[in-house]
2 protein chains.
Amino acid sequence: MTRPAEMPEEPRWLDEDERDVWLALRRLLWGLPPAIDRQLTRDSRLSAPEYSVLATLSGCSDGVLRSGIAAQELGWERSRLSHLLRRMEAKGLILRTCSPEDARGQDVHMTDEGRAAMIEAAPGHLEFVRSTVFDPLTQEQQALLREACERIVDAISQAEAAAGAEHLTDREVRVEA
Amino acid sequence: MTRPAEMPEEPRWLDEDERDVWLALRRLLWGLPPAIDRQLTRDSRLSAPEYSVLATLSGCSDGVLRSGIAAQELGWERSRLSHLLRRMEAKGLILRTCSPEDARGQDVHMTDEGRAAMIEAAPGHLEFVRSTVFDPLTQEQQALLREACERIVDAISQAEAAAGAEHLTDREVRVEA
DNA sequence: GTCTCCTAATTGACGCATCAATCAAAGTTG
DNA sequence: CAACTTTGATTGATGCGTCAATTAGGAGAC
């Protein structure tokens, strides 16, 4: 707010076509993730975040992973993962042990029950993604969708980096530079 | 789970290209909505859901709307809106009054403070959406993205309708039919 | 009128996410 | 080694969302 220097005086409103694009994208953005979660919780005993964790664990040897590494691979904050792991441990899906090398670290183990839940959930999840995302699109559309996603994701990083830098600019940046 | 009849024996795994598409899409799906929320809460006093409500209210005469209608326009559950409205009323962004026609109904009013917050937040939000979604894409890419989104959203409706119907099939459907 | 049924909206419990604060174990530097 | 900083992880407060249960008003059948 109140950044007149970087904010155009006259907002660049969306025209009609753009509004339609935005509407369609919004329905996808706010519709697909919840739908995936609903499918999982309906057809298995895993929520979408739980599934993500187990999928990450199952992707590494022995189903053991340092919690920090897992957070990094998932692109999540440590605390987010920590809260989720606590609930998952209570449900018996995973186990946490102190890491032998670094006493601060926690090793996350997939339990047999976690592995079973994963194996049970995976086919239905895959089939759902396939039937909603891949089956309705031609290969060419898939490639174009991918390109568009990548561009937008890049633009997000850029925008957030700019916002973060600006946050500093107001005060300390001169000192650093 | 355990629906062998509808689940192919061999899951239709993703090939390499598909995996890349899915990865890109996933980053968008789980990245853009939070980014929008961060931009809003950083540059204004509104969260993304609050912004949605006020945008809906500002879209109708006098900034007054029956709460049920608002839920419908937003595509939200009543209870979700109810929780949010309670918090927004506490913050002074909206007001609720009993509807004169139907004593069960609640009329939601935008307060002056709500309108001010909206006006303050809108340009930054618009600029963020523009710079992340529209600026990085050509017009043709935008059109193709829209087409892809619509197809996926349609497929979601279909998949959920199928799942819902199936839910009945197991028990009551014979009775109804 | 008074049952019954339907609908509008709220509530409470719970899972999920973020942020700021905390704590303990490593590292680092004198 | 002792003091300081950094890092791995947890915690608590708060907002957000869903689901199931509930309350209260309206509508129709009799």
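Reply: Chain B can be laid on chain A by a turn of 180° and a shift of 0.0 Å along the axis, with an RMSD of 0.0 Å (copies are superposed by least squares on the C-alpha atoms of residues with pLDDT of at least 70 in both). That is the relation of a two-fold axis. In chain B, the C-alpha nearest this axis belongs to Leu29(B), 2.7 Å from it.

A few ground rules: this is a predicted model, where local features need pLDDT of at least 70, side-chain atom pairs count only at pLDDT 80 or more, and totals for chains, interfaces and linings use all residues. Residues are numbered from 1 along each chain as its sequence is written, while chains are lettered from A and ligands numbered from 1 in the order in which they are written.

Strand S3(B), residues 106-110, runs antiparallel to S1(B), residues 64-66, with 3 bridges joining them. Here Val64(B) has His109(B) as its bridge partner. S3(B) is also joined by 5 bridges to S2(B), residues 94-98, again antiparallel, and Ile94(B) is partnered with Met110(B).

Met110(B) leads us on to Leu54(B): leaving aside neighbours within four places in sequence, Leu54(B) is in contact with residues including Met110(B), Leu93(B) and Met118(B) (contact means C-beta atoms, placed from the backbone, within 7 Å).

Finally, 98% of the interface residues of chain B are also interface residues in chain A, so the copies meet through the same surface.

Methods: Pairing = 2+ DSSP bridges. Helix = DSSP H or I, 4+ residues; strand = E, 2+ residues; numbered from the N terminus. Contact = placed C-beta atoms within 7 Å.
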